[in-house]
Amino acid sequence: MRAAIFLVFILVPGAALAQGLELTGRYGYAGEWAVTAALAEEKAAGLWRRREFAGALHLKHLAICGPGEVSQKTGSIRLSRNGQRYAANLTLGDDVCKVAGRLSEDGVAFADCGRAGQIPLRLWLK
């Protein structure tokens, strides 16, 4: 009986580690883009190792769009996570952005988007 209980404690936390992440956030100088992402874990990691995720990224413009602007954008995100700290690569059309920060509604990181410049990004767990 004790062996069965011990196995439950071993297996249940391992199963929880294999789950994905749902992110939400704001992107842009005024936070004008709502960000959502559903990520799947790419490789299982130990309890104290960095975890890696990838998935689809969706941005919805929250303000009035001007001529020639789009109201939604889609792309992909690859994110490595160690606790609340993360590093990510975002791909939106031809733009590739790199960012590192903290998964927090209050924390602002600056995505380096090449020719588009440094763009504020806030990401947190949904």
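1. Cys-65 is partly exposed, with a relative accessible area of 29%. That value lies outside the buried class because buried means under 20%. Keep in mind that this is a predicted model.

2. The disulfide count comes to one. The bond joins Cys-97 to Cys-113, with an S to S distance of 2.0 Å. Cys-97 sits in strand β6, while Cys-113 is in the loop between β7 and β8. The two are 16 residues apart, so the pair counts as linking distant parts of the chain. The link is right-handed, with 115° about the S-S bond. Both Cys-97 and Cys-113 are buried.

3. Now the core. The largest nonpolar core has 25 residues. Tyr-27, Ile-77, Leu-79 and Tyr-86 have the most contacts inside it. At least two core residues come from each of β1 (21-27), β2 (33-43), β3 (51-61), β4 (72-82), β5 (85-92), β6 (95-102), β7 (109-112) and β8 (118-125).

4. Leu-103 lies in the loop between β6 and β7. Is this residue, Leu-103, buried or exposed? Leu-103 counts as buried because its relative accessibility is 5%, and the cut-off is under 20%. Leaving out residues up to four places away in sequence, Leu-103 touches Leu-23, Arg-81, Gln-84, Tyr-86, Leu-123, Trp-124 and Leu-125. Among these, Tyr-86 is one of the residues with the most contacts inside the core.

Notes:
Residues are numbered from 1 along each chain as its sequence is written. This is a predicted model: local features need pLDDT of at least 70, side-chain atom pairs count only at pLDDT 80 or more; totals for chains, interfaces and linings use all residues. Side-chain values use heavy atoms; hydrogens and water are left out. A nonpolar core is a set of buried Ala, Val, Leu, Ile, Met, Phe, Trp, Tyr and Cys residues joined through side-chain atoms within 4.5 Å. Buried means under 20% relative accessible area, exposed over 50%, partly exposed in between (1.4 Å probe, protein chains only). Helices (H or I, at least four residues) and strands (E, at least two) are DSSP runs, numbered from the N terminus. A disulfide is a pair of cysteine sulfur atoms within 2.5 Å. Contact means heavy atoms within 4.5 Å.
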